[in-house]
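Here is a short briefing on a single protein chain.

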Amino acid sequence: MIPQETLLNFGAQIKHFEKNSLIFSENDIARNYYQIVIGAVKMNNFNDEGKEFIQGIFYKSQSFGEPPLFIDVKYPANAVTLSESNIIVLPKSKLLLLLEKHPEIHLKITQSLAQRLYYKAIIASEISSQEPGHRVLRFFDYLKNDVYKLHGEFNFKIPHTRQQIADILGLRVETTIRAIKNLEKKGYLKIINRKVYR
């Protein structure tokens, strides 16, 4: 998102996190901008029964946790590494200075936040009204077309586990597995070596 060199020039540090490390907790005050160099991070919550709901998963070059920085609220979710990760950390005050000096970067962040809002609206609509197979396919198409911007058949390998897909879509993992198998039978997906392609 923001060029690494620019972040480092404004005083960012690259920090190493082991797998399953907590970067920040729900209700923490937002103090830093985070951008992934290598690895993956999930943002999650747990309901009263302890069931996890994944708000989003972020990968190399993506940032996460920005909205609370701009509106002075606490984090609405936890951020946890899914793999060993190196993450750029820039204090809020330095991020605001960077954005003031680089309006083109400010616009990129605005576009990224708008894309996430669009995604949330799609997922909220799918969770509330559609059957599991439709939800799964719509989510895969969003990732393929809007996030990774790929075209063509079966050239997009789904980057999430069945459990992560279930947690993102508010489904049981068994339901997700059945839905994926049914979508493969109908020719919407391919499963090769247990990996799902759209």
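What percentage of the 198 residues of the protein chain count as buried? The figure is 44%, with buried meaning under 20% relative accessible area (1.4 Å probe, protein chains only). This is a predicted model, where local features need pLDDT of at least 70, side-chain atom pairs count only at pLDDT 80 or more, and totals for chains, interfaces and linings use all residues. Residues are numbered from 1 along each chain as its sequence is written, and side-chain values use heavy atoms, leaving out hydrogens and water.

**Overall form**
- The protein chain has 7 helices and 10 strands, taken as DSSP runs (helices H or I, at least four residues; strands E, at least two) numbered from the N terminus.
- Its C-alpha atoms fill a box of roughly 50 × 40 × 30 Å along the principal axes.

**Surface and contacts**
- The accessible surface is about 10900 Å², with 52% belonging to carbon and sulfur atoms (Shrake-Rupley method, 1.4 Å probe).
- Of contacts (heavy atoms within 4.5 Å) between residues at least 6 apart in sequence, 71% join residues at least 24 apart.

**Helices α5 and α6**
- The axes of α5 (residues 132–147) and α6 (residues 162–169) come within 11 Å and cross at roughly 100°.
- The two helices are therefore roughly perpendicular (65 to 115 degrees).
- Arg135, Val136, Phe139 and Phe140 of α5 meet Ile165, Ile168 and Leu169 of α6.

Definitions and conventions: Axes are lines fitted to C-alpha atoms, for helices over the stretch in contact, and angles run from 0 to 180 degrees between N-to-C directions. Angles under 35 degrees count as roughly parallel, over 145 as roughly antiparallel, 65 to 115 as roughly perpendicular and the rest as oblique. Buried means under 20% relative accessible area, exposed over 50%, partly exposed in between (1.4 Å probe, protein chains only).
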